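The following exercises are to be worked with the sequence and the coordinates at hand. Each task is followed by a solution in steps.

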Amino acid sequence: MPGPSERQPAAPDHTIGVTVSQVPVERTLALRQAVLRPDQSLDDMALPGDDDPATAAFAAIDVGGEVQSVARVALEAPPFSSQDLAPTGTPAWRLRSMATRPEVRGQGIGTAVLQACIDHVSRGGGGLLWCNARVPAVGLYRRAGFTTHGEEWVDPVIGPHVVMWRLVDPA
């Protein structure tokens, strides 16, 4: 699998004014911190598996070079039994650290980044894609074909969440 520096960026989507492409995970950390965990340090934004070759980070970057939205996807089993959701042996991928600047939400930028993650999973053979979605973002995930699994729960530091999932066909 080619490294992030070998990937060609996606063509700009002029309707939303950004280019979505795979980037080094480090390029996503500042926005992840600012939007998701402002009470933590930039060093705390690194996740286990960030350096795994199957892990991919995506960013929507505007014409001025500013990161507007990010997400990360990696192979990771869900915290629930997936045998009722997918055939045995189906790979599981976890979407994490999806963040979009508040001032550009509702313009399709987060949707474009989420689609890049889904496309990565598809190119990687497909599988079960899941995430711990913040409740205010549930609509974004539903529009992308995700379904809730289980009950809403509250992370005492970052608020209410629900597990969501969808199957992604291989490319």
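**Exercise 1. Overall fold**

What percentage of the contacts in the chain with a separation of 6 or more is accounted for by residues 24 or more positions apart?

Solution. The model is predicted, so local features need pLDDT of at least 70 and side-chain atom pairs count only at pLDDT 80 or more, whereas totals for chains, interfaces and linings use all residues. Residues are numbered from 1 along each chain as its sequence is written, and side-chain values use heavy atoms, with hydrogens and water left out.

Step 1. Contact means heavy atoms within 4.5 Å. Among contacts with a separation of 6 or more, residues 24 or more positions apart account for 63%.

Step 2. Assign helices (DSSP H or I, at least four residues) and strands (DSSP E, at least two), numbered from the N terminus. The chain has 3 helices and 7 strands, in the order β-α-β-β-β-α-β-α-β-β.

Step 3. The radius of gyration, taken over C-alpha atoms, is compared with the globule rule, 2.2 Å times the number of residues to the power 0.38. The chain has a radius of gyration of 15 Å, close to the 16 Å from the rule for 171 residues, so the chain is as compact as a globular protein of that length.

Step 4. Buried denotes under 20% relative accessible area, exposed over 50%, and partly exposed in between (1.4 Å probe, protein chains only). Of the 171 residues, 44% are buried.

**Exercise 2. Salt bridges**

Determine how many salt bridges the model holds, and locate the partners of each.

Solution. Step 1. The criterion is a side-chain nitrogen of Lys or Arg within 4 Å of a carboxyl oxygen of Asp or Glu. By this rule the count is 3.

Step 2. Arg72 and Asp50 form a salt bridge with an N to O distance of 2.4 Å. Arg72 belongs to strand E3 and Asp50 to the loop between helix H1 (29–36) and strand E2 (56–62), so this pair ties together parts 22 residues apart in sequence. Arg72 is buried at 1% relative accessible area, and Asp50 is buried at 17%.

Step 3. Glu66 pairs with Arg101, with the closest N and O atoms 3.3 Å apart. Glu66 sits in the loop between E2 and E3, and Arg101 in the loop between strand E4 (92–100) and helix H2 (109–123), so parts 35 residues apart in sequence are tied together. Glu66 is partly exposed, at 38%.

Step 4. Glu76 and Arg94 meet at 3.0 Å, N to O. Glu76 is in the loop between E3 and E4, Arg94 is in strand E4, and the two are 18 residues apart. Glu76 is partly exposed at 28%, whereas Arg94 is buried at 12%.

**Exercise 3. The surroundings of Ser69**

Is Ser69 buried or exposed, and which side chain does the side chain of Ser69 join in a polar contact?

Solution. Step 1. Ser69 lies in strand E3 (residues 67–75) and is buried, at 0% relative accessibility.

Step 2. A polar contact is a pair of N or O atoms within 3.5 Å; within protein, one must be able to donate a hydrogen and the other to accept it, and residues adjacent in sequence count only if both atoms are side-chain atoms. The side chain of Ser69 makes such a contact with that of Thr100 at 2.7 Å. A polar atom of the Ser69 side chain also lies 3.2 Å from the backbone oxygen of Ala99.
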